[in-house]
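Student: I've got a new structure to look at, and I'd like to learn how to read it. Can we go through it together?

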Amino acid sequence: MKKEIEVKVCCGTNCYIMGGSELHLIKEHLTEEIAQLISLKGENCSGNCHDFSRTQKPPLAWINGEMIENASIEKLKKEIVARSHK
Amino acid sequence: MNSAFVIEAENISQAKAGEAICGDAILFKKIKEENRLVAVVADGLGSGVQANISATMTSTMALQFTIAGEPVERTAEFITNTLPLDSKRKVSYSTFSILDINYRGEVKIVEYDNPPILVLRNGEFLDLERQEKVLDNLQSKRNKVYQYNFILEKEDRIIMVSDGVTQCGMGSDDMHFGWQLAGLKSYIQETVLERPHISARELADNIINKTCSIDNDRLKDDASCCVLYYRRPRKLLIVTGPPFHKENDSVLASEISNFNGKKIICGGTTSKIVAKNLNANVEIDLSNYKPGLPPQAQMQGVDLVTEGIITLAKVSEELNIIHSITETKDSLSGQIIRMMLESDEINFISGTRINNAHQDPNLPVELEIRRNVIKRIAHHLENKFLKKTSTKYL
């Protein structure tokens, strides 16, 4: 039994308009085998995008707690596939 | 009129089978300065375009004359003289009922050839005293109008229908003369007994649906129904944006928990603040996420939680286009609009803290200032949908 991968995507306004609107559909871009492992959750704005001392590039997502900035389907897919082999 | 109560007025019309437009017309007008409501139901002779024109002319004239305070003789005379002659029947004719409710709750009704008006109070129909008036100047044999007066009481329902409703099913084996007033009356009583808080819209909807089903979905005449329901107002609270001063976070939270009515929070950060102060959880719900708008969230004690400015901008855009609740979409913005239109009073609380992230010139779309969007939404609700609104800034 492979380990579950927790994916969180930011649903805040900023991340949403910067491309986050597609990230909720990540499962559709994965093979069924990998998609099964994923628990997908939405997250309210974490504040990381507009606190200027730690500004990160939206959209933001988290895989097993690790923040991914400037997230895209491609980027998430790569990270998830890499983790699914562990 | 007791200002703690409101009148919910709704109407539905259905055209005769095979006709594109309905030959009945129903008009409402709220006169805000006088706290007065005037409603007119008119049924034009025949069906289709010709009937629609007669009915529309009649209802418009009746409404304007009544608002201006003209006596009923003059109104009726003027209408009959103005209506165009039917080319085959060589008469000009349209029925009408006029209902006028003033600020003290005094109801005046004038009825000309329409089925009698029904007033439901505590599950029973009022036996209204009817005054007959003969209009001498009317060049028609049907020259009698009936007048009724009564005082509105809370939880009263007033139902006006066109004869397409009372005569549906006419000639069928089980009802030779149709549904008739008695059938309609017992149907209304049963429906209200089953659902004592049924809204005016739903009751009107039910009556017309029943009419259609009695006629086997092929109406033999235009059927219209107008329902007025005098009841406690339904209130809605919409909260959007974090308060300018952090100290007001708890004020915002208590405004929400103390509010008596439905509640919507538009804003991710706002919902987080409220949840923290109320010891509740917000969870974003991706289960029925539809692209187009950010997903909704769940929070105990709040009816709907959504993202802020994108969703509100969409609400404002759609409110600008639609004319009735039936045109709303099956989306988050549509859901918000439905909740707005099902309420009588919409209260906005807008936080005024600036979201730094929204000021980035590199954003691909323009994000408007919350305050302006709220102003526009409130404007539509007040002017197009006759709702009462209030806005508070924190």
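**Reading a sheet**

Student: Which residue in S7(B) is the bridge partner of B:Arg121?

Tutor: B:Glu124 in S7(B) is the bridge partner of B:Arg121. Strands here are DSSP runs of E with at least two residues, helices are runs of H or I with at least four, and both are numbered from the N terminus. This is a predicted model, in which local features need pLDDT of at least 70, side-chain atom pairs count only at pLDDT 80 or more, and totals for chains, interfaces and linings use all residues. Residues are numbered from 1 along each chain as its sequence is written, chains are lettered from A and ligands numbered from 1 in the order in which they are written, and side-chain values use heavy atoms, with hydrogens and water left out.

Student: In what sense do strand S6 and S7(B) pair, and over how many bridges?

Tutor: Strands of a sheet pair through backbone hydrogen bonds, either parallel or antiparallel. Two strands count as paired if DSSP finds at least two bridges between them. Strand S6 (residues 118-121) of chain B pairs with S7(B) in the antiparallel sense, over 2 bridges.

Student: What is the strand order in the open sheet?

Tutor: In chain B, 5 strands run S1-S11-S10-S6-S7, with antiparallel pairing. Strand S1 (6-14) and strand S7 (124-125) of chain B are the edges, each pairing on one side only.

Student: Which strands does helix H4 touch?

Tutor: Contact means heavy atoms within 4.5 Å. Helix H4 (residues 180-194) of chain B packs on the sheet and touches S6, S7 and strand S10 (157-161) of chain B. Helix H5 (residues 200-214) of chain B also packs on the sheet, touching S1, S10 and strand S11 (223-231) of chain B.

How values were computed
Axes are lines fitted to C-alpha atoms, for helices over the stretch in contact, and angles run from 0 to 180 degrees between N-to-C directions.
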